[in-house]
Amino acid sequence: MIINTGQRTDIPAFYAKWFINRIKEGYVLVRNPYYPSLVTKFRLDPKVVDVLGFCTKNPRPMLQYLDEIKDYGQFWYISITGFEKDYEPNVPPIDQVIEDFKFLSSRLGSNAVSWRYTPIIIDNKYTKERHIETFEYIASKLEGYTNLVAFGFVDIYPKLAKLHPEIKDCDDQTKIEIARAFKGIAEKHHLELRLCSKEKWLSQHGIDTEGCMRIEDYERSIGQRLDIKKKMEARKNYCACYLSNDIGAYNSCLHLCRYCYANGDEEEIRRNFALHDDNSPFLIGNLRPEDKIKEAKQESSIDRRITLF
């Protein structure tokens, strides 16, 4: 089984101690985001959890705990963009995250740590040229420390349109020009480039649009074949990403990025954070009388007959 931690919040950045406490306790409780009284209990045991998947903008708080999770396979996606505080109020400086990325790669290997440059937002400050220049800078710093980079354009979903109507999508020609430039830069720095957004038509321009977090990425990170027959796709007919078994919670990330799909009103986020307890089995809050707990069916998916390396 793969346990994901990063589609709903940023656990390494804000909840590292809680996560390690869960590792020590050997289980975690997760509320269904749409039916909160339905709770799933996941065992956290390397006998049944083959890979821990992390998505973060700031891995530093978790670095002190790497020895605590050394028995687990790991796959990290670290987001590094060129945005400043106007879009990413609480994300650390770009060069700090680059250095932490390199440290993780040195510990885990270049197949276990990948880079995300997403979302791309075009405005008067963050121009096409600035994005290309920033992408080149980061790629040059990460060469040799990773083999994979995913990029994507902003999705204007209803919540974002309501909260931040000033954020706009860019035109298709600009997307083509950025994609082509990124492709050349990625090839120059020996990076596999993939798209992580809705523009599947960019495949006509030589861009891999089939998903940025695939089973094969987890397999490469641990050097083992995973026999996973049922894939949980992010969206039907959208991509091949494997995003199941996420233990995070929406509206709990204090990066407060203006474009975030997982966050809503800032006051709600801060209320949720105030309910966090490092010793609770839940990320936010604790057990309620109405909760119905169901234990997840878990088993290792590693095919012991095959080793990739």
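## Strand β6 and its neighbours

Strand β5 (residues 73-79) and β6 run parallel and are joined by 4 bridges, where helices (H or I, at least four residues) and strands (E, at least two) are DSSP runs numbered from the N terminus, and two strands pair if DSSP finds at least two bridges between them. Within this pairing, Trp 76 has Val 113 of β6 as its bridge partner. The model is predicted, with local features needing pLDDT of at least 70 and side-chain atom pairs counting only at pLDDT 80 or more, whereas totals for chains, interfaces and linings use all residues. Residues are numbered from 1 along each chain as its sequence is written, and side-chain values use heavy atoms, with hydrogens and water left out.

β6 also pairs with strand β7 (residues 148-153), in the parallel sense and over 4 bridges, and Ile 120 has Phe 153 of β7 as its bridge partner. Together with helix α5 (residues 128-142), β6 and β7 make a right-handed β-α-β unit; right-handed means that, with the strands pointing away from the viewer, the path from the first strand over the helix to the second runs clockwise.

## Burial and overall dimensions

Strand β6 (residues 113-120) is mostly covered, as 8 of its 8 residues are buried, that is, under 20% relative accessible area, with exposed being over 50% and partly exposed in between (1.4 Å probe, protein chains only). Of the 309 residues of the protein, 53% count as buried.

The protein has 9 helices and 11 strands, and its C-alpha atoms fill a box of roughly 55 × 50 × 35 Å along the principal axes.
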